[in-house]
Amino acid sequence: MAYLGSPSATKEVINKYSFAFQKKFGQNFLIDANILENIVGAAEISKEDFVLEIGPGIGTMTQYLCEAAGQVVAVEIDKMLIPILQDTLSEYDNVEIINQDVLKVDIKSLAEEKNQGKPIKVVANLPYYITTPIIMGLFESKVPIESITIMVQKEVADRMQTGPGSKDYGALSLAVQYYADAKVMLNVSASCFMPRPNVDSAVIQLTRHRKAPVDVEDEKLMFQIIRASFNQRRKTLVNGLKNSLELDFSKEEILSAIQEIGKPDTIRGEALTLEEFAMLSNQLKKKKFS
Ligand code: SAM
């Protein structure tokens, strides 16, 4: 089987199997060999590596990953793609395809079972409709991960790196900053995909911090506070937190914690930095458990 990273090779496979693209699965396949080489190069994969690919599609990037890595596991939700993958990857004996929704896969157990718990690399041209839950899931499930190299919408790549004052600042920005170092590796134009998406894309690499950049006593509580703050962006921080179903603090407790971190009663959540969210969460934790 020839390499698939070109418009003609992709069309040939699509026609051979009468494959119909499913918009609901975010199917935009890469058709540019240069970009594929750059992604796999950016991930610095060697024969020592175990790679998890999310959404292999027809196997375009998987071919490159199989050549570079020791072992590849690719999780694909669309059952129509499974016979295609069996064909396009038939030359490789170091790949396993799992036909499942990646959000339902226990990746921690998978890494333990298949890579003896050693850190894995994640490489993916992500389905954009679930970018945030995939990234949050990888971080929160404490999967041993060396690096995550992923194609995302350009706007999402920007969101990961922004701080207070930008309209793009949100829970994803804070999660990425808390867990990882984020670096844009390359920008990718919409013309590198079939079908062509409406947005430009970027490949971003997330490398997990060895030590968290802020001191937080209860990570789970901090992220509940962060989510509550951004769920009701237009409300003041105190109202956002008071209305959250995940949290159980009185208005007085919240106001006093806000004052303890030196902020006014009227502040909005979107004005706080990661460090300030950590301080707020530590103050609120004290109120309940001291
Ligand atoms: N890796 C291929 C490429 O670069 O050409 C395809 C990338 S395409 C943007 C996203 C892929 O993710 C599609 O194959 C889609 O079917 C798959 N996908 C969508 N939702 C998924 C999910 N929940 N779990 C696993 N795969 C999913």
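Which helices do the buried residues of helix 11 pack against? They pack against helix 10 and helix 12, and the legends below follow these elements within a predicted model.

In this predicted model, local features need pLDDT of at least 70 and side-chain atom pairs count only at pLDDT 80 or more, whereas totals for chains, interfaces and linings use all residues. Residues are numbered from 1 along each chain as its sequence is written, and side-chain values use heavy atoms, with hydrogens and water left out.

**Figure 1. The whole chain.** The chain has 12 helices and 9 strands; these are DSSP runs numbered from the N terminus, with helices (H or I) of at least four residues and strands (E) of at least two. Its C-alpha trace spans about 65 × 40 × 30 Å along the principal axes. For 290 residues, a compact globule would have a radius of gyration near 19 Å, and the 21 Å of the chain agrees with this. That radius is taken over C-alpha atoms, and the globule rule is 2.2 Å times the number of residues to the power 0.38. Of the 290 residues, 51% count as buried (buried means under 20% relative accessible area, exposed over 50% and partly exposed in between, with a 1.4 Å probe and protein chains only). Among contacts (heavy atoms within 4.5 Å) between residues at least 6 apart in sequence, 67% join residues at least 24 apart.

**Figure 2. Helix 11 and its neighbours.** The buried residues of helix 11 are E253, I254, L255, A257 and I258. An α-helix has 3.6 residues a turn, so residues three or four places apart point the same way. Helix 10 and helix 12 are the elements that the buried residues of helix 11 pack against. Just after helix 11, G262 takes a positive phi of about 80 degrees.

**Figure 3. The salt bridge of E246 and R227.** The side chains of E246 and R227 meet in a salt bridge at 3.6 Å, N to O; the term requires a side-chain nitrogen of Lys or Arg within 4 Å of a carboxyl oxygen of Asp or Glu. E246 lies in the loop between helix 10 (237-243) and helix 11 (251-260) and R227 in helix 9 (residues 219-231), so the pair ties together parts that are 19 residues apart in sequence. E246 is partly exposed, at 44% relative accessible area, and R227 is partly exposed at 31%.

**Figure 4. The salt bridge of K287 and E260.** K287 and E260 meet through their side chains in a salt bridge of 3.1 Å, N to O. Because K287 lies in helix 12 (residues 274-289) and E260 in helix 11, the pair ties together parts that are 27 residues apart in sequence. K287 counts as partly exposed at 26% relative accessibility, and E260 is partly exposed with a relative accessible area of 43%.

**Figure 5. The salt bridge of K263 and E276.** In the salt bridge between K263 and E276, the closest N and O atoms are 3.0 Å apart. K263 lies in the loop between helix 11 and helix 12 and E276 in helix 12, so this pair ties together parts that are 13 residues apart in sequence. Are these two residues buried or partly exposed? K263 is partly exposed, at 22% relative accessibility, whereas E276 is buried, with a relative accessible area of 16%.

**Figure 6. A network of salt bridges.** E96, E113 and K114 are linked in a network of salt bridges. The count of salt bridges comes to 13.
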